[in-house]
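Subject: Two-chain model for your review

Dear colleague,

Please find below the structure I promised to pass on. My notes follow it, and I would be glad if you read them alongside the coordinates.

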Amino acid sequence: MSTVSTRGPRAVPPSRAGGPPPRRRTHQTPRRRTQEDSARRLGNALVAPVLLVLLAITAYPLVNNLWNSFHQVILTKPGETPWVGIDNYTRLLGDPDFTDSLTRTLVYTVISVVLQIGLGVVVALVLHHEFRGRGFVRAAVLIPWAVPTVVSALLWRQMFDPRNGFVNYVLGALNLPGSDITWLAGEWTAWVAIFVADSWKTVPFVAILVLAGLQVIPSEIYEAGTIDGANRWQSFWRLTVPLLKPALLTALVFRVLQSFLIFDVIFAMTVGGPGDTTETVTYLNWEAFLVRSDFGAGGATSITIVVISLALAGLATLAIRVRKEDTL
Amino acid sequence: MRHNISRSARRITLFTAATTAVLLTAACSGPTDEADDGVTTIVLADAGLGTEADATAKAVEAFESANPDIDVKIESLSTDGTQYMQQLRQRLVAGSTTPDVFKAADIEIASLAESGWLYDLDSLGADPDSFVPGAVKAGQPDGTTVALPWFANVEGVFYRTDLVPEFPATPADLVAAAKAGAAADPAIEYGLAFEGAKYEGAVTVFNLVATGMGGGLDLDNIASDENVAALEFLHDAIYTEGISPEAVNQWHEGEVQEAFSSGQTVFSTNWPFVFGASADGPVDGKIGFAPFPGGGGTIGSEMLGINAKSEQAEAAWKLVQYLTSVEAQLARAEATGNPPSLLAAYNDELFEIAPYFAQVAAVAENATSRPSTPKYTEISAELQTALSSVFANLAEPRAALEEAAEKISEINGS
């Protein structure tokens, strides 16, 4: 297929594409065009199903949610969908449950992203060093990332079980405080457990992204730094960190969005409890759709979450501006 | 090459079109209602798992051999209660004529009825008086019978007959008996195990204790003194009396049953499946089942309804009648331990099959259903949050119930 292109006639020279024999060269231009058209049609035909699927799974739900958010759509009242203007939005923003959960989610996002990226960088720096079995360790580090979130969340829920969980057992064996805590039953202890389960999965992801960034930094730069008298600390902050900015930006955008949209870990571990202390915005969104069957309120929550997510992604991009000279 | 490209393009287009057509046809075609040979086909939606699914299949087989002109297809939906309801609602919202017959939990019936998805069973000649009164009420949200109980589960208090010679008469006696039992047997770790996780099970436990103490799930009066006392009882069991572990606020039926079946607790709240689950274990033969002191109990029935849009209502009604007959209920009770919903099924034959059904019947006698309202799921979610806060010692029982009461009245007003 490498000879098929929609870019222009030059991309498919007849000689290389096994085209018509030389005696027909007088008709080359119209033939080429037919060939081009055919190639383009094939290209379109091949892309069309994917485009349709993408439209169906991204554009359609978004537009549908937008429509729902301005109507009263309650699943148990089929056939009655009056226009309600911005009622769903005013009710949502005036609901203390939503504003509380938004604060909670944002606080968790900031704390978890800072810690997870910090840990990810540390892991990446370790993996960047030469040591025996490095290939094996690099592969092993990615395993948690490959485990489905619900599975890992359920595993961690078991590990935090006060009766026969691994966490309290280890704390007790090491004579550390906390071996008698029912982790998922306390407000901040539940958040610690959620953070641990979430980080177990996401720190390797950050580490691999950062490791890729580290590998493209040429060692000559460090040699030049050493000659200029920079110590290791200085070369880390003045050379490594600025040159890692593209990788860090990617990790930051991913992590900010994933943290803000955290749902499965919480749903599997705490169901938003104890009380409502671990209910996040996505949890409330789930509740609007599947507990209240209120697709109007659910749509308004979804659209609000999308807007906030876009704003956060924009902020994350601003936070680490990638200047041209930072990229190699 | 040109020929190759256009030929392969045509082939691919043809293949894509053909595949799409096949998939669309497969997606749109449903089971046919009536075959040419005069046999009527109806669809029964169920969420059975293991022994329950086997029991349903056997009952359907027996029905088919008694009614050769009716063919029943079992549509197995999700075994998760929440997902099951979502799948069922999707079919009903779409206006599907199938499933003709479906099961649904008692708390879902009012909401299904409000949407107009349930057939009027009175018009088909239903006899609601022949069923366990507490269970049949959920099937009559507006007075008309729109669903009948298939089996009537009931939650009560399990206790160790070897450690508790006489079942306590008051909640205070229960605390004392739990402490005495724990002192008498070194294998005992807890006095009372209950479902305190943030889910529907916490609401059924709360209703069980509250109805024993004179309260209940009266939606206009959730923060009543009796209900506050009931919630204080459960809170104090963990934090004052120390008869329940703090971990109960993470426990579901499974964990509570494990604690009881393995002989770690004197008392536990739970459903009759514990009898079967404890067979041949350390507590076999030492199990008592009673209402919470004061006569508390919670009914959790599985109901059978007919799709209002069903084109085979008469055949569907025959199936419902068969599944709720004494014969079918006894067979199911024997195979699965599901308590019958029919009063006439609580007879000597049943008590011979499994003597513990006599105790189940005693608990069922005074047990109450949860409120029959289309907004039940929403209301229950608020109650679950309140109960979870109290069981985690994050809120005072009265304050938590008052906040829940406020939210419930908002939900009912909207």
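A:Ser293 sits in the loop between helix 12 and helix 13 (295–319) of chain A, where helices (H or I, at least four residues) and strands (E, at least two) are DSSP runs, numbered from the N terminus. Its phi is near 50°, a positive value in a residue other than glycine, and A:Ser293 is buried, with 24 other C-beta atoms within 10 Å. Here a residue is called buried if 20 or more other C-beta atoms lie within 10 Å of its own, exposed if 12 or fewer, and partly exposed in between, with C-beta atoms placed from the backbone.

The model is a predicted one, in which local features need pLDDT of at least 70 and side-chain atom pairs count only at pLDDT 80 or more, while totals for chains, interfaces and linings use all residues. Residues are numbered from 1 along each chain as its sequence is written, and chains are lettered from A and ligands numbered from 1 in the order in which they are written.

As background, most residues other than glycine have a negative phi, and most peptide bonds are trans.

Two cis peptide bonds also deserve a look. One runs from A:Gly273 to A:Pro274, with omega near 0°, and A:Pro274 lies in the loop between helix 11 (264–269) and helix 12 (281–291) of chain A. Another joins B:Thr98 and B:Pro99, with omega about -5°, and B:Pro99 is found in the loop between helix 3 and strand 3 (101–105) of chain B.

Chain A as a whole has 13 helices and zero strands, and 29% of its 328 residues count as buried.

As to confidence, pLDDT (the predictor's confidence in each residue, from 0 to 100) has a mean of 86 in chain A, with 88% of the residues reaching 70 or more. Over residues 1–20 of chain A, however, pLDDT stays under 50. Where pLDDT is low, the predicted coordinates should not be read in detail.

Between the chains, 30 residues of chain B are in contact with 35 residues of chain A. Helix 1 of chain B gives the most to the side of chain B that touches chain A, with seven residues.

Finally, helix 7 (residues 200–212) of chain B has 13 residues that should span 18 Å at 1.5 Å a residue, and its end C-alpha atoms are 19 Å apart, which agrees; the expected span is 1.5 Å times one less than the number of residues. Because 13 of its 13 residues are buried, helix 7 of chain B is largely enclosed by the rest of the structure.

Best regards

Terms used: Contact = placed C-beta atoms within 7 Å.
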